[in-house]
Amino acid sequence: MKNLISLKAGKFLTTAFGIILVSGISGGMAFAADAALPAGFKKGDLAPEPSADMIEAGKRVYFTKCVWCHGVDGAGDGPGADRLWPRPRNFNQGTFKIRHTASGELPLFDAKKPVPGQNDLFETVTHGLPGSAMPSWEGILTEEQRLQVLSFVTTQLVKDRKFTDKQSESQTILQLNDLKPIPASEESLKKGAELIVEKKCIECHGVEGRGDGNAFNLKDDWGFSIQPANWHKCWNFRGSRQDPYNVKNIFRTFSTGVNGTPMPSFADNSTVEERWHIANFVNSLCEREADGTPLSIDPLSDKPKVNFVLSSGVVEGEISADPENEMWTKRARRIIAMGGQITHKPRNFVNRIDDIWMKSVYNETHIAFMFQWDDRTKSVAEGKLPWPPTSVNIDVKEQDPKTGEEGSIAMHQNNYTVYNDAVAMETAVKWKDLPAPIKPRYLFGSNEQFPVDIMKWEADGSLRAFKGTGWDKDFEERDNYEESSKLLFSEWKNGRWTVIIQRPMGNKKDQDYDEDTFFEMGQYIPTVFFAWDGHNGDAGRKMAVSAFYYTFLEPPTPKEAYIYPVVIAFGVVLLEGWILTRRANKRKAKKA
């Protein structure tokens with residue numbers, strides 16, 4: 001296993017060059033005030049209890065903004081809680097995940113000091129918890145209101161512990177601001193790759209860090225299913241503070257652990273230097289641009305920014321079925337943002353596929369799409385599905401929310417009937433006939449007048465083409481696609497699916513224009529994407545869906561574009577030579 005991760009690490013190291021963080025000496029500075037403390041920690045004092053006025057004002061804020069998820073008594077059982085996964089925090093036990101304090105301790109909170117790095121709960125409310133339903137309240141609640149509501153939560157809703165109890169509580173604080181990061185050199189990344197094996201991180205997070213090592217057997221302190229973090233999506237890290245590529249966030253998590261979850265603190269069994277190496281390696285795995293720079297993050301969604309134009313590049317000859325072929329590796333990729341389908345039953349409130357990476361190439365006759373997305377398990381239905389492939393109105397049992405946790409989605413995670421993982425793309429058929437800005441309905445088309453062309457791959461190896469005429473109508477399977485469409489490649493490996501689909505470019509003159517999309521070069525063709533996670537019970541309309549994107553076939557570069565620069569350069573050289581020769585002849589004539 002160690003050799004395996006070393007090989008994988010070598011691949012990751014090549015993508016992490018140039019990621020040099022704040023330079024400085026090794027973070028192994030000693031805090032000699034208390035030799036019994038973990039390296040990098042120092043004793044702190046409990047904050048004073050907030051004033052009665054702050055608590056009363058916070059109560060008003062809580063019952064206006066927070067009760068809907070966290071509940072009247074703060075038990076994480078508000079009216080919206082049953083539809084959320086992960087479950088909203090139950091404050092009663094006083095167990096908080098994101099902290100600068102040692103494992104098991106209460107987080108930092110001082111109603112008078114909203115200082116970054118010194119007020120964990122204030123930062124959580126301010127920045128939210130990416131990857132969960134907890135939003136950022138900055139810009140919605142004032143700074144004072146955020147301190148007020150936390151004053152109410154910490155004094156009235158935390159019932160099993162008391163933030164001011166000096167006999168039972170202590171504050172052992174990670175001195176993160178005083179610990180200088182070790183630069184993310186090749187040596188540091190190599191050590192980090194070795195350490196995640198030595199510390200058994202891969203047993204949960206997987207060989208390539210996609211959270212697939214122990215994805216379905218872990219539970220939190222409340223008995224709910226929990227999944228290890230996918231290190232390739234740092235923007236989903238709960239404690240990223242809306243700063244996902246900051247290695248300090250990762251170092252903090254490895255130092256303090258995540259209370260209430262199986263994620264332990266490594267402060268007692270690793271040095272500060274080792275934790276920096278681990279943090280550097282984990283940070284290097286997060287998706288980046290081709291040149292190694294971090295992806296641009298949309299401040300509204302806290303997710304990578306999307307480009308809604310999906311370019312397809314022209315290639316010569318047959319399209320390669322090997323994703324490692326230069327034909328594919330040199331193509332720019334696009335990220336497609338996915339969200340749970342919640343407009344029609346059965347709604348997908350818990351969507352496990354939140355993005356897909358796509359590349360596309362085309363030749364004279366065909367266009368191909370390579371899809372890659374992270375999925376912690378390969379899901380293939382056992383036996384024959386109880387409905388035909390054309391069925392849309394599938395009776396997938398929807399969770400019936402009740403007042404107690406027994407009816408919540410969180411309690412039913414990983415207990416669904418397993419169906420096929422799948423991905424599909426939908427393109428407008430008569431896209432040229434649509435008057436701008438009209439498009440067919442994003443969910444399986446509008447009607448017979450404006451149908452959509454749907455190509456769907458499933459994990460059982462099938463590839464089918466359908467005609468869609470409405471969200472509430474079953475598909476019409478086409479029988480003319482098998483000869484020209486082809487599944488070039490499909491593989492699930494270490495938590496990631498890679499699927500390459502080839503289909504005809506189409507020709508308006510000799511094709512059935514009522515079913516197939518005509519991919520015309522230089523035009524913007526409305527395209528929608530769908531994904532199903534079989535382990536999440538996804539089938540039919542219970543799926544992830546994108547907004548409208550636009551497939552654009554890049555025109556080939558004309559030969560003249562290569563010839564003209566050479567001709568011009570040659571002409572410039574001749575012209576300069578002629579000018580220099582003429583000047584030299586004039587000087588000779590004057591001397592004569």
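## A loop residue with positive phi

Asn414 sits in the loop that links α10 (409-412) to β10. This is a predicted model. The phi angle of Asn414 is near 70°, a positive value in a residue other than glycine. Is Asn414 buried or exposed? Its relative accessible area is 17%. The cut-off for buried is under 20%, so Asn414 counts as buried.

Asn494 also has a positive phi without being glycine, here near 50°. Its place is the loop between β14 (486-493) and β15 (496-504).

## The chain overall

The chain has 592 residues, and 53% of them count as buried. It holds eleven helices and 18 strands. The accessible surface is about 28,100 Å². Carbon and sulfur atoms account for 52% of that surface.

Take the contacts between residues at least 6 apart in sequence: 69% of them join residues at least 24 apart.

Strand β10 spans residues 422-428 and is mostly covered. Seven of its seven residues are buried. In a regular strand, side chains alternate between the two faces of the sheet. In β10, Ala422, Ala424, Glu426 and Ala428 point one way. Val423, Met425 and Thr427 point the other way. Residues of both sets are buried.

Which strands pair with β10? One is β11 (residues 452-458), joined to β10 by seven bridges. The other is β16 (residues 524-532), joined to β10 by six bridges. Strand β11 runs antiparallel to β10, and β16 also runs antiparallel to β10. Ala422 stands opposite Glu458 in β11. Glu426 stands opposite Val528 in β16.

## Helix α8 and two packing partners

Helix α8 covers residues 272-285 and packs with α7 (residues 247-256). Their axes are 8 Å apart, at an angle of about 125°. That angle makes α7 oblique to α8. The crossing is right-handed. On the α7 side, the contact uses Val247, Lys248, Ile250, Phe251, Phe254 and Ser255. On the α8 side, the residues include Val272, Arg275, Trp276, Ile278 and Ala279. Asn280, Val282 and Asn283 of α8 also take part.

Helix α5 (residues 186-198) packs with α8 as well. Here the angle is about 95° and the axes are 7 Å apart. The two helices are therefore roughly perpendicular. From α5, the contact draws on Ser188, Leu189, Lys191, Gly192, Ala193, Leu195 and Ile196. From α8 come Glu273, Glu274, His277, Ile278, Asn280, Phe281 and Ser284.

## Thr261, between α7 and α8

Thr261 lies in the loop between α7 and α8. Its relative accessibility is 16%, so Thr261 counts as buried. Which residues does Thr261 touch, not counting those up to four places away in sequence? They are Lys97, Asp221 and Ile226.

Thr261 can also be placed relative to Thr95. The two are 166 residues apart in sequence. In space, their C-alpha atoms are 9.8 Å apart.

## Helix α3, an enclosed helix

Helix α3 is largely enclosed by the rest of the structure, because eight of its eight residues are buried. The buried residues are Asp120, Leu121, Phe122, Glu123, Thr124, Val125, Thr126 and His127. These buried residues pack against α4 (143-157). Just after α3 comes Gly128, with a positive phi of about 75°.

## Two cis peptide bonds

Where do cis peptide bonds occur? One joins Trp85 and Pro86, with omega about 5°. Pro86 belongs to the loop between α2 (52-70) and α3 (120-127).

Another runs from Lys345 to Pro346, with omega near -5°. Pro346 lies in the loop between β7 (339-340) and β8 (355-362).

Methods:
Residues numbered from 1 in each chain as written. Predicted model: local features only at pLDDT ≥ 70, side-chain atom pairs only at ≥ 80, totals over all residues. Heavy atoms only, no water. Buried < 20%, exposed > 50% of the residue type's maximum accessible area, 1.4 Å probe, protein only. Helix = DSSP H or I, 4+ residues; strand = E, 2+ residues; numbered from the N terminus. Pairing = 2+ DSSP bridges. Contact = heavy atoms within 4.5 Å. Areas by Shrake-Rupley, 256 points an atom, 1.4 Å probe, with all protein chains shown as cover. Axes fitted to C-alpha atoms, helices over the stretch in contact; angles between N-to-C directions. Parallel < 35°, antiparallel > 145°, perpendicular 65-115°, else oblique. Left-handed = near helix turned anticlockwise from the far one by under 90°.
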